[in-house]
Amino acid sequence: RKAGTKDVASFRLAVSNGKDVEPEWFTVEGWERLAERAASVKKGDFVGVSGRIKQETYTDKAGAKQTVVKVIADDIA
């Protein structure tokens, strides 16, 4: 790792809103000490995440504006 860089890893998290309701999806980012835990999360794992919400807007390759909601993790259990 280069000096001055920080480790980061992410995974997608589905939050259930009930049996017949589509889940909401979030990207969870784990920085520094949480990067290893975030990198180890696999599909189907049950995880608890606490942190702050961050909304980002970007323009995709087709020129359309997209919005993603991320959770910047303080803890991943």
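**Entry 1: salt bridges**

I take a salt bridge to be a side-chain nitrogen of Lys or Arg within 4 Å of a carboxyl oxygen of Asp or Glu. By that rule I find four salt bridges in the structure. In one of them the side chains of Lys6 and Glu32 meet at 3.5 Å, N to O. This pair links distant parts of the chain, 26 residues apart: Lys6 lies in the segment before β1, and Glu32 lies in the loop between β2 and α1.

**Entry 2: what I am looking at**

This is a predicted model, in which local features need pLDDT of at least 70 and side-chain atom pairs count only at pLDDT 80 or more, while totals for chains, interfaces and linings use all residues. Residues are numbered from 1 along each chain as its sequence is written, and side-chain values use heavy atoms, with hydrogens and water left out.

I checked the confidence next, as pLDDT (the predictor's confidence in each residue, from 0 to 100). The protein has a mean pLDDT of 91, and 95% of its residues reach 70 or more. Confidence is lowest in helix α1 (residues 35-40), at a mean of 91, and highest in β3, at 95. Helices (H or I, at least four residues) and strands (E, at least two) are DSSP runs, numbered from the N terminus.

**Entry 3: the sheet**

In what order do the four strands form the sheet? I read β1-β2-β4-β3, an open sheet with mixed pairing; two strands pair if DSSP finds at least two bridges between them. The edge strands, each pairing on one side only, are β1 (8-15) and β3 (49-59).

Strands β2 (residues 24-31) and β4 (residues 65-76) pair in the parallel sense over three bridges. β3 and β4 run antiparallel and are joined by eleven bridges. I looked up Val71 in β4: Val28 stands opposite Val71, and Ile53 also stands opposite Val71. The hairpin of β3 and β4 has five residues between the strands, and Gly63 there takes a positive phi near 90°.

**Entry 4: the largest pocket**

Strand β1 gives the largest share of the lining, four residues.
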